[in-house]
Amino acid sequence: MSEKRELLTSTALGMCCSRRQLLRGALLAALAPSLGALLSACGSGAAVPTPTVAAPAATPTPPAATPTPAAAASPTVAATPTGQAAAGEPVRIGVLLPYSGVYTALGENITRGLELYLEEIGYQAGGRTIEVYKEDDAANPEVGLTKARQLVERDRVHLLAGIVHSGVATALRDFVDSQQIPLVIANAGAAPLTRDPAQRSPYIFRVSFANGQYEWPLGPYAHDSLGYARVAVTAPDYSAGHEKANAFKAAFQKAGGQIVDEVYPPLDTADFGPFLQRLQQAQVDAVWAFFAGADAVRFVQQYNDFGLKDQFPLIGAGDLVDEAYLGQQGDAALDVVTSLHYTPQYDSPENQAFVQRFREKHGQVPNQFAYQGYLCARVIAEALNAVEGQVEDREAFLSALKQVQFTGPTGEFRFHPETQNVVLTVFFRKVERLADGSLGNVVLDKVEGIDDLSF
Ligand code: BEZ
C-alpha cells in the first residue's frame with residue numbers, strides 16, 4: 001500500500017488514524033486484550049471507552065504474523081471458499097464508506113459505531129484478530145466498485161462492510177455475488193437488493209434498512225394520528241430519495257391521504273430556494289421530506305428561513321433531524337416529527353448502555369449511523385464466534401450470519417430469513433428540547449417487527 005493512500009484515508013477521516021496505526025492497534029489489542037480498550041487504535045488521545053460489554057467467549061489467539069500493510073498486499077483473490085485459516089491469520093474486513101462529499105458525516109459516524117464495538121471486544125472474535133481496511137468511496141458508484149476490487153484483490157479482505165449510497169451498493173452487487181464475498185451493508189437502502197428475488201444474493205446482508213422500510217409506517221401515522229389529509233413530498237433526485245418517497249406516498253394514500261405535489265432537488269443541493277418556492281404554493285397540511293448529511297442541515301435551516309415552517313409542519317424520515325446536526329439546525333428542527341429505526345432517547349437498558357459508552361468516547365450521543373455501524377461490527381463478530389473464526393468456510397459463515405440474533409439497543413436483532421435484511425422496530429419521534437437544554441428526538445410511539453417485505 002502506498003503512503004499516499006494511507007495518508008488520504010487518515011486525512012479524509014479527519015478524526016481517527018492511519019491504516020498502519022489501526023492495524024497496530026488491533027495487534028496490540030490481540031496481544032493484551034485487557035489493554036485493548038486502553039490502547040486506542042487511533043492513539044489520538046481521545047477519551048478512552050470503558051469496556052463494559054464483555055468480550056466474546058472465544059480465547060484470543062495472538063496472531064503469528066505481524067499485521068503490517070505489507071503482509072496484506074499480495075494481489076490475489078481473497079480466500080479459498082472452504083479453506084482452513086492459516087494459523088493465527090487475522091480476519092480482514094474491508095470497510096467502504098464515504099469519507100468525502102455530501103455523506104461524509106454518515107461515513108464517519110458508521111465508523112465510530114463500528115470501532116466502538118470492535119474496541120469492546122478487543123478486535124477479537126472466534127479466536128482471531130480482526131483487521132479493518134478502510135477506504136473512501138466518496139458516495140460514488142464507480143469509485144466504490146474500484147475500491148471494492150482493491151480491497152478484495154490487493155488487500156485480500158475476507159468480507160466487505162459499510163456502504164452508504166444506494167448507487168454504490170447496487171454497483172457492488174454483481175461483484176460480491178460473483179466473487180463470493182460476503183457484504184454486510186451498514187446503510188445503503190437500495191430496496192431491490194433484498195426485496196427483489198432476482199437481485200438478492202446469498203452474500204448480501206443488511207443491518208440498516210431497505211429504503212421505504214421505516215418511511216411507510218409514517219403514512220398511516222401522519223393521517224390517522226397527526227390528522228393530515230394533504231401532504232407534499234420532497235427528497236433528493238436519485239434512487240434512494242424516490243424509493244423512500246414512494247413508500248411514504250403509497251402508505252399515506254392507502255390510509256386515505258392525498259399527495260398534492262412532489263419535488264425532487266438534486267443530491268447535494270446548496271440552495272433549496274427554488275424548490276421551497278414551489279412547496280410554498282401547495283396548499284397542504286404538512287410537508288414530508290427525506291434528506292441526509294449536509295443536505296439535511298441545509299434543507300431544515302432553509303425551510304425555516306423561508307418561513308415555511310410556520311405554514312406547513314415538517315415531517316419525514318429521521319435522517320432529516322439526525323442528532324449529528326441538531327445542534328447546527330437549532331430551533332429550525334424543533335417539533336419536526338419523523339419515523340426511524342433508532343433514537344438515542346429510547347429508554348431500554350441496552351440502548352442507555354450504548355449511549356453512555358459512545359458519549360464517553362465521543363462526547364456526544366450516537367446517531368442512527370453510529371448505531372448501524374455498531375450493529376454491523378456486532379453481527380460480523382457474532383457470526384465469527386459461531387464458526388470459531390472459520391470465515392474461509394463461506395457456507396458456514398453465511399449460514400452463521402443468517403442466524404445471528406441478540407438483544408441490541410432497540411430490542412431483538414434478527415435478519416428476515418428470506419431477504420437477509422434486518423427486521424426493524426420503527427419509532428415515531430418528535431424533536432423537543434431536553435432537560436439539559438439540548439435538542440433530541442423523543443419517542444412518541446413505536447411499531448415492532450417491520451420487515452422489508454411489509455410494503
Ligand atoms: C441511500 O442512498 O440508500 C441512503 C443514503 C443516505 C441515507 C439513507 C439512505
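I began with a term: a residue is buried under 20% relative accessible area, exposed over 50% and partly exposed in between, with a 1.4 Å probe and protein chains only. My model is predicted, with local features needing pLDDT of at least 70, side-chain atom pairs pLDDT 80 or more, and totals for chains, interfaces and linings using all residues. Residues are numbered from 1 along each chain as its sequence is written, and side-chain values use heavy atoms, leaving out hydrogens and water.

**Entry 1: Gln302.** I found Gln302 in helix H11 (residues 293-305); helices are DSSP runs of H or I with at least four residues, strands are E runs of at least two, and both are numbered from the N terminus. Is Gln302 buried or exposed? Gln302 counts as buried because its relative accessibility is 18%. Leaving aside residues up to four places away in sequence, Gln302 touches Ala270, Asp271, Phe272, Gly273 and Leu276 (contact means heavy atoms within 4.5 Å).

**Entry 2: strand S1.** Next I looked at S1 (residues 91-97), where 7 of its 7 residues are buried. Val91, Ile93, Val95 and Leu97 point one way, while Arg92, Gly94 and Leu96 point the other way. I remembered a handy rule: side chains in a regular strand alternate between the two faces of the sheet.

**Entry 3: partners of S1.** Which strands pair with S1? I noted strand S3 (residues 128-136), parallel over 7 bridges, and strand S4 (residues 159-162), parallel over 4 bridges. Pairing takes at least two bridges found by DSSP. Val91 has Ile130 as its bridge partner in S3, and Ile93 stands opposite Leu159 in S4.
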